[in-house]
Amino acid sequence: MNQDVEKLWELQTVLSQLGDREKQLTNKPESFAAVDREWQNVNSSMERLREQIEQHSKERRRVDGELSDQQELLKKYQGQLMQVKNQQQYAAAWKEIDSTRKHVKELEDSTLKTMTDVEGLQKQHDDLEAGNVDLKSRWDTEHEAWQHSLGDLRTEVEQLKAKAAMIEASLPERLRREFHRIFKQRQNVAMAKVVADSCNGCRTRVRPAVMQQLKRGDLVHCEGCSRILYLEMPPS
Ligand SMILES: [Zn+2]
């Protein structure tokens, strides 16, 4: 039996386990993912409310500026009213005063409405923020549980890495390189078992002559996918 092929097979097994564990490390468990989604939603709602409040405040500053311009104008017209010389000038001044007053009233109404709107938005924001204290503590609990479980997984990953390094160190350099070349090209699977006279990686049939080579313990590649074939020997 070819010791190198056995070692390569063991290396493949270890690397496959390692790949699984590393994938698990990046997956959020559903218990955490659920509370995390809730947390993200509340935070983006709060963010949207803050943006709306900011927009309203900007609009209010603009209206306030216009309001004080109009109030100045109103004073000016009222001053002119004192200096009119005839009925016609009097009527004209009144007309200006009247329309400016209307405008001032509109601007004041608009400011009032903006203030009411901002109060409403601020209340929504504060309610969310108050509820967030409880949500944050649930988030922390789930996050900690997840991180704790990752600790065990990380230990396992380190052990598998050490095992892979040990096997690789015992392999001839040429074989090690060949293995990794195929590993990269074939979705991290460099070796395929022979099952029912076929390659388990690509289902290509293994010819009888190749089966003979395998039984002798030769290192043989699949003719379909180039993976190194592994024939499980019955225990002798
Ligand atoms: Zn194959």
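The crossing of helices H1 and H4 is right-handed. The contact between them involves Asp4, Leu8, Leu11, Gln12 and Leu15 on the H1 side, and Leu175, Phe179, His180 and Phe183 on the H4 side. This is a predicted model. Three strands build an open sheet with mixed pairing.

**Helix pair H1 and H4**

- Two packed helices are described by the angle between their axes and the distance between the axes.
- H4 covers residues 173-185, and its axis comes within 12 Å of the axis of H1.
- The two axes cross at roughly 40 degrees.
- By class, the residues of the H1 contact with H4 split into six nonpolar, two polar and one charged.

**Helix pair H2 and H3**

- H2 spans residues 30-82 and H3 spans residues 87-169.
- Their axes come within 6 Å.
- The crossing angle is roughly 165 degrees.
- Angles over 145 degrees count as roughly antiparallel, and H2 and H3 are therefore roughly antiparallel to each other.
- The contact of H2 with H3 has 26 nonpolar, 18 polar and 14 charged residues.

**Ile97 in H3**

- Ile97 sits in helix H3.
- Its relative accessibility is 1%, so Ile97 counts as buried.
- Leaving aside residues up to four places away in sequence, Ile97 touches Leu74, Tyr77, Gln78 and Leu81.
- Ile97 and Pro29 lie 68 residues apart in sequence.
- From C-alpha to C-alpha, Ile97 and Pro29 are 69 Å apart in space.

**Sheet**

- Strands of a sheet pair through backbone hydrogen bonds, either parallel or antiparallel.
- The strand order is E2-E1-E3.
- E2 and E3 are the edge strands, and each pairs on one side only.
- E1 (residues 191-195) pairs with E3 (residues 228-230) in the parallel sense, over three bridges.
- In E3, Tyr230 stands opposite Lys193.
- E1 pairs with E2 (residues 198-199) in the antiparallel sense, over two bridges.
- Cys199 in E2 is the bridge partner of Val194.
- The hairpin of E1 and E2 has two residues between the strands.
- In that hairpin, Ala196 takes a positive phi near 50 degrees.

**Helix over the sheet**

- H1 (residues 3-26) lies across E1 and E3.
- H1 runs at about 110 degrees to E1.

**Positive phi in loops**

- Most residues other than glycine have a negative phi, and most peptide bonds are trans.
- Arg203 has a positive phi, near 70 degrees, in a residue other than glycine.
- Arg203 is found in the loop between E2 and helix H5 (208-216).
- Exposed means over 50% relative accessible area, so Arg203 counts as exposed at 61% relative accessibility.
- Ser226 also has a positive phi near 70 degrees.
- Ser226 is placed in the loop between H5 and E3.
- With 37% relative accessibility, Ser226 counts as partly exposed.

- Arg207 is found in the loop between E2 and H5.
- At 44% relative accessibility, Arg207 counts as partly exposed.
- Arg207 and Asp4 are 203 residues apart along the chain.
- The C-alpha atoms of Arg207 and Asp4 are separated by 22 Å.
- Asp4 is one of the H1 residues that make the contact with H4.

Key
Residues are numbered from 1 along each chain as its sequence is written. This is a predicted model: local features need pLDDT of at least 70, side-chain atom pairs count only at pLDDT 80 or more; totals for chains, interfaces and linings use all residues. Side-chain values use heavy atoms; hydrogens and water are left out. Two strands pair if DSSP finds at least two bridges between them. Helices (H or I, at least four residues) and strands (E, at least two) are DSSP runs, numbered from the N terminus. Contact means heavy atoms within 4.5 Å. Axes are lines fitted to C-alpha atoms, for helices over the stretch in contact, and angles run from 0 to 180 degrees between N-to-C directions. Angles under 35 degrees count as roughly parallel, over 145 as roughly antiparallel, 65 to 115 as roughly perpendicular and the rest as oblique. Ala, Val, Leu, Ile, Met, Phe, Trp, Tyr, Cys and Pro count as nonpolar, Asp, Glu, Lys and Arg as charged, and the others, Gly among them, as polar. Buried means under 20% relative accessible area, exposed over 50%, partly exposed in between (1.4 Å probe, protein chains only). A crossing is left-handed if the near helix is turned anticlockwise from the far one by less than a right angle, and right-handed if clockwise.
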